[in-house]
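Please keep the sequence and the structure in view while you read.

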There are 2 protein chains.
Amino acid sequence: MGDLATQLDRLLAPGQRVVVVSNRGPLSFHRARGKRWRADRGSGGLVTALADLGRLVPIRWVSTASDAGDRAAGVALRAGRAGAVALNAVISAELPGQDLELDLVDVPEEIYQAHYGVVSNPFLWFLQHQLFALPYEPNVDESLLTDWREGYRVVNRLLGEAALGAHGAKTAARPVVLLQDYHLYLAAGVIRETRPDALIQHFNHIPWPAVEALQVIPRDLRREIVGGLLENDILGFQTDHYATNFLLAAEAFVPDARVDPDGRNVRWHDRTIWVRSYPISLDPDALRAFAAGPAVAEAMTHLTERLERAGKPRLIVRVDRLEPSKNALRGFLAFESLLERRPDLRPTVRFLAIQSTSRENIPEYARYAVAVREVVARVNGMADPEEQPIWLLDGSDRALAIAALRLAHTVLVNPIVDGMNLVAKEAVLVAQPVLILSETAGAAEQLAGDSLAVTAADVAGTSRTMERALAMSDEERIRRARRLRASVRDEDLSWWLGRQVRDLAAVAAGRRPPSRQLRDAMRRSS
Amino acid sequence: MGDLATQLDRLLAPGQRVVVVSNRGPLSFHRARGKRWRADRGSGGLVTALADLGRLVPIRWVSTASDAGDRAAGVALRAGRAGAVALNAVISAELPGQDLELDLVDVPEEIYQAHYGVVSNPFLWFLQHQLFALPYEPNVDESLLTDWREGYRVVNRLLGEAALGAHGAKTAARPVVLLQDYHLYLAAGVIRETRPDALIQHFNHIPWPAVEALQVIPRDLRREIVGGLLENDILGFQTDHYATNFLLAAEAFVPDARVDPDGRNVRWHDRTIWVRSYPISLDPDALRAFAAGPAVAEAMTHLTERLERAGKPRLIVRVDRLEPSKNALRGFLAFESLLERRPDLRPTVRFLAIQSTSRENIPEYARYAVAVREVVARVNGMADPEEQPIWLLDGSDRALAIAALRLAHTVLVNPIVDGMNLVAKEAVLVAQPVLILSETAGAAEQLAGDSLAVTAADVAGTSRTMERALAMSDEERIRRARRLRASVRDEDLSWWLGRQVRDLAAVAAGRRPPSRQLRDAMRRSS
């Protein structure tokens, strides 16, 4: 990463930091009355990917403080003095070796609820993952529009203003801002009002769907969203396919935008906006260190004992949150079909699902969890625990998840649609499993060649692919796993960041960002 | 249409007929024991559009016989003699002035059920209208794949073989075949096996969605579908946008296809397949004659009396089948919102919905109908019939539907997605209403300019658009309605057919079909 350091030197003035802005920060803070601060690392994909960013580049990370602990921490950090020192020690302990400042922006509960609990998650996230039953939902009603105005827009303004800091309009150095994800489609415009010269990049962690899917959004809103994104200098997506979809959306929804599909840019309001793909990844060395550590070893011991009691079956493993986009339901249905067609496999194979529950206070999540548990109960029937075909374990324990991946013969990653999916990358870094991968996971653009592709809705095909995985020779499995691992190691988190910094440096110098299309492998491979 | 006659002369040998193939024919037949034959015209969009085709061109129309009446009629027609003479008299009475032969192909009940009741309707039609709740449905399981093989493929083979007739391989003239709609994606390949020289066109009446939506179909199947369609010489779609989506699908799913997006064609297996849009329409003169006839007059009298009892309110009218794609639910929610915001409108406006029930034996349709009726019951409350805000009337009576359109101040056409939607065109031919039109109806490519566009999911926006429609001056309403009518009269059914025949004649002569892109108005207008 000597190259990264050089690029950063060009981009940043002495003492200047890259500003990262995301809805939630890398840590959430708690302090019982009179006790010490505690900090927990978030478990979402964004934080998993970005938590190590401060090792690579000096950053100031701006995010919302949306509960009492974060609000108090934000106040303490801004006040400086003893409280801030204690907090920074906690931050350093959780995120060691990082050059990191946190800025927690106070967002009143009601505004946050409108922003996140109504607009961002149940509307935008569902929409971009194509999870709506369109005959019934969404209903874009006055209440949603109010929450857009008084929640989403407000939080974008608060975070956009905080991105520039207290002296934003006055500092000489050109601010460099990395906006993260779908909660912040309007933040670039807020920043540019104050600092037209700011260098702003937005990276979208979730899928960017086809124009048809976006036509669920009222016209004024989708123009505001796409126009808001066009206030950036660079738009980053997980895959070439999503980047192409964005270009089509700009063409369809912003009448005065001029789209150059081959040059992958948009001309708008006398500016050029570059549209690029930066497939996110993780830090392989950090993961392998964790996978070799005591917590994972203990979890492996525990699992291995259970496997021995069960007669050493092979494991098909899945690790994910129990929510509709991950498609656990059809995964279990496919396994049920496999055992029906191949009862001989029943004694020698188990499906180990490491699942963390997620947002079960939202009715749609609760309904999905019930449907999944019904299928699991049916498949497991009255069998003794070790003989049950499906083993369900709590995925809030990351060591257990990594232990399961290390013991897997086959890892099933079959989301309906997924921005990237880091489990697929983790799996091939910590072990040599057969990887069954949904063609509609972002990771498929990179990993389709040596994984076994499935169509998410295709229960019959997923079942047959499991059968094929279990029948694969060890030689072929290992050969494929090695190539997958090499690919994931090549394109790791510092590669992800390095390409972005290189492109930003080029734009800062008035040049075309050098990153080209990577693959667009959805075409031709499927 | 002198031009059409000239083109047809070039295309057809003396005595040769154009072969039209569709799943259901224009008539269904019934005969009680010992009684005369009766024939009923189908009510679907395809039959509504094509029923007058035999006035323009000599056709042989091949379709399935899937119940006892149609099977008996098919036998009688093939046997000739007295039975056929009696039947042909019934056909002439129902479809007067047509040069038409019907061929009803016997399809066993079980095969038809697999073809239509499993694959075509609940799978393909739902998929192409984006109606699935993807976390739960569809489940592509072994049973669906069996019905694909033993139902859909079989019916495509039966109809494809019947298209060539008993002497198909032997006749000298090059067969000219017009395949209709999503039930017949594989028929062209069957025809081409026997007659590689056949001139085959497939017209798709329903939407062709984005690649993402098609990724619900297992890879083998979607290659079979897209490859099957590439056995045609010309592929016709309702809109430029659907045609573009098909080109993208060919690019994504057929590895050896070479797509030329600007030339709007595909090179595949040493053949060129042309992809064109032919927005379907209706016969304006036939409709206006019907609208001026006694059945409509009687229905208008009936409605007018009711309006007078209600104090002559203005009418917002919808006419459609009660099924999920038509989006009646959000239409009523929008009207409810309008009356809440503008209680002053309550005495002077009614929402008249002419709805035909549809397939209520399918759980998804029944569930939707219940949801709609719940909203209607809530809005209407305990009011007396004339004072109820929503008037629901049975749409199986076409005269009543046309009468309602003639009396409408505003016509609401707000489908989630719709191949074309002929109600929008009927409305402006028989009256001068404000047309509120979903931007995702195929008709929007033609009619967006002078209708009021709504986003289907946007209840708040639809409500405001109703308010805007009711506030529109008569001058503006009439000015818009006149332009809409002129456009619909210009691009009528004979124009639809004429462009296809002209393109077929060009392909027969080895030339590029002259039809170009029409509008692709989804871009830029939205």
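In this predicted model, chain A holds an open sheet of six strands, which are paired in parallel and follow the order 14-13-12-15-16-17.

- Nine bridges join strand 12 (residues 314-322) of chain A to strand 13 (residues 349-357) of chain A in the parallel sense, and A:Asp320 has A:Gln355, in strand 13 of chain A, as its bridge partner.

**Helices on the sheet**
- Helix 14 of chain A packs on the sheet, where it touches strand 12, strand 13 and strand 14 of chain A, and its direction makes about 140 degrees with that of strand 14 of chain A.
- Helix 18 of chain A also packs on the sheet, touching strands that include strand 15 (410-413) and strand 16 (434-438) of chain A, and its direction makes about 165 degrees with that of strand 17 of chain A.

**The contact between the chains**
- Chain A gives 44 residues to the contact, and chain B gives 44 residues.
- Among the elements that give two or more residues to the side of chain A that touches chain B are helix 14 (363-380) and helix 18 (459-471) of chain A.
- Helix 13 of chain A gives the most to that side, with four residues.
- The residues on this side of chain A divide into 26 nonpolar, eight polar and ten charged.

Notes
Residues are numbered from 1 along each chain as its sequence is written. Chains are lettered from A and ligands numbered from 1 in the order in which they are written. This is a predicted model: local features need pLDDT of at least 70, side-chain atom pairs count only at pLDDT 80 or more; totals for chains, interfaces and linings use all residues. Two residues are in contact if their C-beta atoms, placed from the backbone, lie within 7 Å. Ala, Val, Leu, Ile, Met, Phe, Trp, Tyr, Cys and Pro count as nonpolar, Asp, Glu, Lys and Arg as charged, and the others, Gly among them, as polar. Two strands pair if DSSP finds at least two bridges between them. Axes are lines fitted to C-alpha atoms, for helices over the stretch in contact, and angles run from 0 to 180 degrees between N-to-C directions.
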